[in-house]
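Hi everyone, thanks for coming. Let me put the model up on the screen and walk you through a few places in it.

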Amino acid sequence: MLMLANLIDGQARAPREGRYLDIVDPSIGRTFARCPDSDATDVADAVDAATRAAPGWAATPAETRARCLYRLADLIETRLEAFAAAESQDSGKPLALARSLDIPRAIANLRFFAAAIGQWPGESHAMEQGAINYTLRLPLGVVGCISPWNLPLYLFTWKVAPALAAGNTVVSKPSEITPYTAWLLGTLVAEADFPPGVFNIVHGTGPAVGEAIVMHDTVKAISFTGSTRTGVAIAKAAAPKLKKVSLELGGKNPTIVFDDADLSDASMATIVRSGFANQGEICLCGSRLLVQRGIYERFRDDYLRRVRALRVGDPASPNSDLGALVSRAHFDKVIACIERARDEGGRILTGGQRATVEGRCAEGWFVEPTVIEGLPPGAATNQEEIFGPVVTLIPFEDEAEALAIANGTPYGLSASVWTQDLSRAHRVAARLDVGIVWVNCWMLRDLRTPFGGSKQSGVGREGGVEALRFFTEARNVCISHGQ
Ligand code: NAD
């Protein structure tokens, strides 16, 4: 059995209490590894190591810090196939997706922030009264990074890379459901020349490890991606300590198709992908598909034909478009959401149940791509995040109604708008209460842009300069030089 370890003070360490969690391959329903079930004592060890390492790392030239990140990226790249296989086995996602999206993006995150830290312009403000201000951006010290299971290495590196580039030392916690690739990355940290204690990884559950990171007095900031419920708990715990928090949370994103949209094969393929990529387990997936009434039936029939053509199967097979859901618990949740949609009066147009996969994966947790219509926008199915391969179709009359439906949930992460009317695209983008709008595309990501959501989808922004700002303290220096 593969035994994972924590990375504390540059060393692979077993959890102090010696407890482990089973790590399950969801495509076969069997345990393949054990991961430390660490607790607050392991977190305290990691924070102590990070505290000792902090002054040295903060004083290390940015160029040297960047070189460590570049080396780590190169080391992952030379092992891309092993990382992709690990990510697929751990999460159930198609190997082809891990190979083309998750791991390349993790590498890109490390390289992006390695480059960004050397390109970050300073700020200065001259005053007519004969003074000049300049702003120092100083590392915070020890920071906590907590990430979810859906894009494990992708989101883990999206946090640790800017934190380290900006000169902080890190205590990080990947999801206990998918810890495999973060552990693999941890085995390369010393080879990438990070000094001991700069980059620590503590495995374990949210309540035991995540909470201990959030509550530790020495940890100055928490960058968190995960569910809204956990985000609220973290905000509450961090508030009395006045910690900086960045919260990237859930979504119930609308895809809005106007009657003038270009519905070519390429566009339709993207619209289908926006609902079902990674089994719908991407915070940015469009789970509500709003379609203008005039084209509703024609669009629906074409869309259903394409969704029915999606192949659910062994994640290792190049023929699988969708793999398994991440865990038994999540599978049960998604199936229960589909049942609730039925109870609410929704018509299941395709899918709606467990997908049967023959052979090796017969015991895996697969769900058929599911499309539902006939539910009002206020139904629970159209309000609450399902985070699975489930899309609801909602007709609308005009722009005003589309906006009212799109904005009519507690979430505000992203939206994708399909129209060929340029004025409408700008108008709608300005009125959608979300952090990210795509027009005639989906999940086209430029790492320099602000990333995050409004309302219950989060607080703060990641990406580019936003992430570097989050992971630093601004200090203004005002120098009078006389008139
Ligand atoms: P989750 O909130 O259950 O867990 C996320 C992480 O937080 C895990 O590492 C978990 O162990 C930890 N955690 C749990 N309880 C904690 C606590 N009390 N204190 C500190 N840490 C704690 O989320 P999940 O199920 O892993 O991920 C799915 C959710 O993440 C979905 O809601 C999805 O929309 C969201 N998500 C958001 C984004 C985004 O960028 N906005 C990206 C990906 C996923």
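This is a predicted model: local features need pLDDT of at least 70, side-chain atom pairs count only at pLDDT 80 or more; totals for chains, interfaces and linings use all residues.

Residues are numbered from 1 along each chain as its sequence is written, and side-chain values use heavy atoms, with hydrogens and water left out.

So, where does the ligand sit? It sits in the largest pocket. A pocket here is an open set of points on a 1 Å grid over the protein atoms alone, where a 1.4 Å probe fits, with protein on both sides within 12 Å along at least five of seven lines.

The elements that give two or more residues to the shell around the ligand are helix 7 (206-215), strand 11 (219-225) and helix 8 (228-238). Helix 7 gives the most, with 3 residues. Helices (H or I, at least four residues) and strands (E, at least two) are DSSP runs, numbered from the N terminus.

Now the oxygen atoms of the ligand. A polar side-chain atom of Ser227 lies 2.7 Å from one, and an N or O atom in the side chain of Thr230 is also 2.7 Å from a ligand oxygen. Gly206 takes part through a backbone N or O atom, at 3.3 Å. The protein covers 89% of the 850 Å² of accessible area that the ligand has on its own, by the Shrake-Rupley method with a 1.4 Å probe.

Next, please find Asn133, in strand 7 (residues 131-139). Is Asn133 buried or exposed? Asn133 is buried, at a relative accessible area of 11%; buried means under 20%, exposed over 50%, and partly exposed in between (1.4 Å probe, protein chains only). Its side chain makes a polar contact with the side chain of Asn476, at 2.9 Å. For a polar contact within protein, we ask for a pair of N or O atoms within 3.5 Å, one able to donate a hydrogen and the other to accept it, and residues adjacent in sequence count only if both atoms are side-chain atoms.

Most residues other than glycine have a negative phi. Leu242, however, has a positive phi of about 50°, and Met443 has one of about 55°. Leu242 is exposed, at 76%, whereas Met443 is buried, at 14%.

Thanks, everyone!

Note on methods: On a 1 Å grid over the protein atoms alone, a cavity is a set of points where a 1.4 Å probe fits but cannot get out, and a pocket is an open set with protein on both sides within 12 Å along at least five of seven lines; lining residues have an atom within 4 Å of a point. A molecule sits in a cavity or pocket if more than half of its atoms lie within 2 Å of its grid points.
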